[in-house]
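Here is a walk through one protein model, written for someone who likes to see the cut-offs. Have the viewer open as you read.

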Amino acid sequence: MTAHSSDTAAAGAPVDPFRLPSGVTPNRYDVRLRPDLADASFTGEVNISLDVTEPTEVIVLNAIELEISDVHVDGLAATFELDAATERLLVRCPAPLPPGA
């Protein structure tokens with residue numbers, strides 16, 4: 001999902017802190033939640049279908065107040081980091097994603 005918490009994207013264009021990069025956009029979410037009412041919390045998983053219009057090695061998603069345990073891209077484990085300053089999840093794809101992927 002982008003570059004580390006810098007103020008420029010991988011291509012050198014300024015990053016808008018209020019907008020996700022436009023080359024990869026979510027088009028469908030399949031969300032499964034397991035609430036724990038006693039703890040006022042939940043666990044779960046989400047599968048996100050993406051439209052890729054520009055080649056990328058990093059996918060950026062909003063992830064405010066979430067703890068992420070693992071991420072997969074096209075079935076392969078991917079490295080990731082949560083950027084607390086921007087409240088974004090940065091997923092490094094195991095292989096570059098071409099347009100149309």
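## The nonpolar surface patch

Tyr29, Val31, Leu33, Phe42, Val46 and Leu66 make up a nonpolar patch on the surface, and together they have about 580 Å² of accessible area. A patch here takes residues with over 30% relative accessible area and no salt bridge, joining nonpolar side chains (Val, Leu, Ile, Met, Phe, Trp, Tyr) within 5 Å and like charges within 9 Å. Areas come from the Shrake-Rupley method with a 1.4 Å probe, and for residues only the protein chains shown count as cover.

Strand 1 (24-36) and strand 2 (41-52) each bring at least two residues to the patch, and strand 1 gives the most, with three. Val31 sits in strand 1 and is partly exposed, at a relative accessible area of 49%. On the wording: buried means under 20% relative accessible area, exposed means over 50%, and partly exposed is in between (1.4 Å probe, protein chains only).

## What kind of model this is

This is a predicted model: local features need pLDDT of at least 70, side-chain atom pairs count only at pLDDT 80 or more, and totals for chains, interfaces and linings use all residues. Residues are numbered from 1 along each chain as its sequence is written, and side-chain values use heavy atoms, with hydrogens and water left out.

The chain averages a pLDDT (the predictor's confidence in each residue, from 0 to 100) of 85, and 85% of the residues score at least 70. The stretch to treat separately is residues 1-12, where pLDDT stays under 50 and the model has 30 contacts beyond four places in sequence. A contact means heavy atoms within 4.5 Å.

## Strands and overall exposure

The protein chain has six strands and zero helices, so the order from the N terminus reads β-β-β-β-β-β, given that helices (H or I, at least four residues) and strands (E, at least two) are DSSP runs numbered from the N terminus. Of the 101 residues in the chain, 22% are buried. The chain exposes about 7,200 Å², with carbon and sulfur atoms supplying 54% of that area.

## The core

Which residues have the most contacts inside the largest nonpolar core? They are Val24, Ile59, Val73, Ala78, Val91, Cys93 and Leu97, in a core of 13 residues. Strand 2, strand 3, strand 4 and strand 6 (88-97) are the elements that give two or more residues to this core, and strand 6 has the largest share, with four. A nonpolar core is a set of buried Ala, Val, Leu, Ile, Met, Phe, Trp, Tyr and Cys residues joined through side-chain atoms within 4.5 Å.

## Two salt bridges

The structure holds two salt bridges, each being a side-chain nitrogen of Lys or Arg within 4 Å of a carboxyl oxygen of Asp or Glu. One joins Asp30 and Arg32 at 3.5 Å, N to O. Asp30 is partly exposed at 26% relative accessible area, and Arg32 is partly exposed at 46%.

The other pairs Glu81 with Arg92, where the closest N and O atoms are 3.3 Å apart. This pair links distant parts of the chain, with Glu81 in strand 5 and Arg92 in strand 6, eleven residues apart. Glu81 counts as partly exposed at 25% relative accessibility, as does Arg92 at 22%.

## Loops worth a click

Glu65 is not a glycine, yet has a positive phi of about 55 degrees. Glu65 lies in the loop between strand 3 (56-62) and strand 4 (71-73), and is exposed at 78% relative accessible area. Asp74 also has a positive phi without being a glycine, with a value near 50 degrees. Asp74 lies in the loop between strand 4 and strand 5 (76-83) and counts as exposed at 67% relative accessibility.

Pro55 is in the loop between strand 2 and strand 3, and is exposed with a relative accessible area of 63%. Where does the chain come back to Pro55? Not counting residues up to four places away in sequence, Pro55 touches Leu97, Pro98 and Pro99. The C-alpha atoms of Pro55 and Leu97 are 5.5 Å apart, although the two are 42 residues apart along the chain.
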